[in-house]
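Morning, everyone. Please have the model up on your screens before I start.

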Amino acid sequence: MSLQDLIDQLLFEEEGNTLDFKCEQYRFRGATEDEKAELLKDVLAFANAHRRTDAYILIGVKEVKGGRSEVVGISDDLDDANLQQFINSKTQKPIDFSYKATQYNGCKIGIIRIPVQRRPFYLVKDFGKLQKNQVYIRRSSSTDVASPEEILSSMGKEELNNYREIPSLNVFLVSGQHDEIKAKKIDCQLIIAKLSDDKIIPDYGVSRGKNPNEWLELQVNTGINKNYYRQWIEYYFKKLRIATLKIGVDNLSSIPAKDVKVVLEIKKQEKIIEIYDFYKLPEKPNKNEFQFTPRFSQKGKEDIVIKEIPQGWKISCYLGKIQPKDLVNTMNSFYISSFSPSTIQLSTQIFSDDLPEPKQEILEIDFKTEDRLYSIDDLLSNANLDI
């Protein structure tokens with residue numbers, strides 16, 4: 001289910017132990033402890049609630065009882081990384097949650113998602129009006145404090161029944177020359193290259209005469225690839241509009257996650273994006289028409305498999321075992337090209353032998369394109385240097 005479809009569905013539901021609507025953004029930057037405690041209390045309460053499905057807090061939405069809730073939007077935003085550090089520095093163990101901002105019908109809204117996970121959660125120190133060691137819990141549409149009997153009879157039963165701790169896994173897009181950029185939304189700057197002049201691209205194996213528009217053929221060499229210049233320019237222009245990405249997953253929990261796999265689905269957008277694996281990348285041409293450069297596989301095992309499906313592309317990424325507090329990237333990359341500025345969403349599922357069901361997330365790629373002109377003379381110089 002896409003993020004837009006999920007929001008459509010949630011707007012028709014009522015508040016309860018899996019859903020809450022907030023008209024205004026939580027006060028966080030520059031806020032007092034009491035103001036920050038409101039956000040902390042809500043996340044704690046949903047994390048401790050007894051439920052079988054993910055819980056959501058929709059920020060920028062006004063509840064309408066008995067009908068479709070109204071999207072009013074928010075003007076300011078929160079940073080997921082800052083929220084993670086704030087909340088998980090105050091609890092006795094990490095809470096698995098995420099914050100994401102998205103556009104819906106022209107309005108920005110925030111979404112906090114809290115998966116089902118091992119309970120209970122509580123503060124190790126007092127914060128604002130919240131007390132340490134208190135188990136705040138969501139009951140219907142309000143927040144309460146769980147009694148010791150409730151903790152023992154419901155949350156304690158999970159322990160007595162050998163409840164298995166679930167690893168807390170998060171998926172990221174990875175980019176950068178040294179894989180230094182890891183985020184759920186990544187900006188990709190691509191160049192849409194065009195020729196700045198209408199000169200004829202010469203055959204390879206000729207040299208310029210005294211007249212700038214005169215080209216003289218060199219000694220005949222049947223091994224020369226006369227189309228080399230044209231092929232190289234086509235290759236170079238394609239290369240400029242392709243982004244290289246990997247997938248990363250971190251394990252925030254204290255237990256390992258075995259046999260981790262991430263599956264991404266991207267909807268087709270005609271004449272906007274193309275997706276390549278290593279073997280479908282544009283190939284650099286050779287100056288000798290009889291010389292072929294073998295295409296070796298990417299370093300390491302093939303841990304990314306791309307399949308074209310009727311509605312778009314399906315990318316399967318195999319990451320294996322991820323140790324506690326570790327982050328693992330795919331060794332290989334996938335490649336994506338855009339022909340115009342656009343933002344695309346990647347519906348993502350994380351699978352593991354240790355997860356009772358796949359964890360769903362939404363990743364985004366924001367393409368920014370720049371039109372750039374190149375002269376034929378400069379391109380030919382680069383082609384000769386085989387840049």
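This is a predicted model: local features need pLDDT of at least 70, side-chain atom pairs count only at pLDDT 80 or more; totals for chains, interfaces and linings use all residues.

Residues are numbered from 1 along each chain as its sequence is written, and side-chain values use heavy atoms, with hydrogens and water left out.

The sheet. Strands are DSSP runs of E, at least two residues; helices are runs of H or I, at least four; both are numbered from the N terminus. Four strands form an open, mixed sheet, ordered S1-S2-S6-S5. Strand S1 (19–22) and strand S5 (98–104) are at the edges with a single partner strand each, so one side of each has no neighbour in the sheet. Pairing takes at least two DSSP bridges between two strands. S1 and strand S2 (residues 55–59) run parallel, joined by four bridges.

Now the rings. Phe, Tyr and Trp (its six-membered ring) pair with centres within 6.5 Å; planes under 30 degrees apart are stacked, over 60 edge-to-face, the rest tilted. The whole structure has nine aromatic pairs. Tyr-204 and Tyr-229 pair edge-to-face, at 5.3 Å centre to centre and 80° between the planes. Ring pairs also link Trp-232, Tyr-236, Phe-237 and Tyr-374 into a cluster.

Last, charges. The criterion is NZ of Lys or CZ of Arg within 6 Å of the ring centre and within 35 degrees of the ring normal. Lys-36 has its charged end over the ring of Phe-28, 5.1 Å from the centre. Lys-261 lies over the face of Phe-351, at 5.3 Å.
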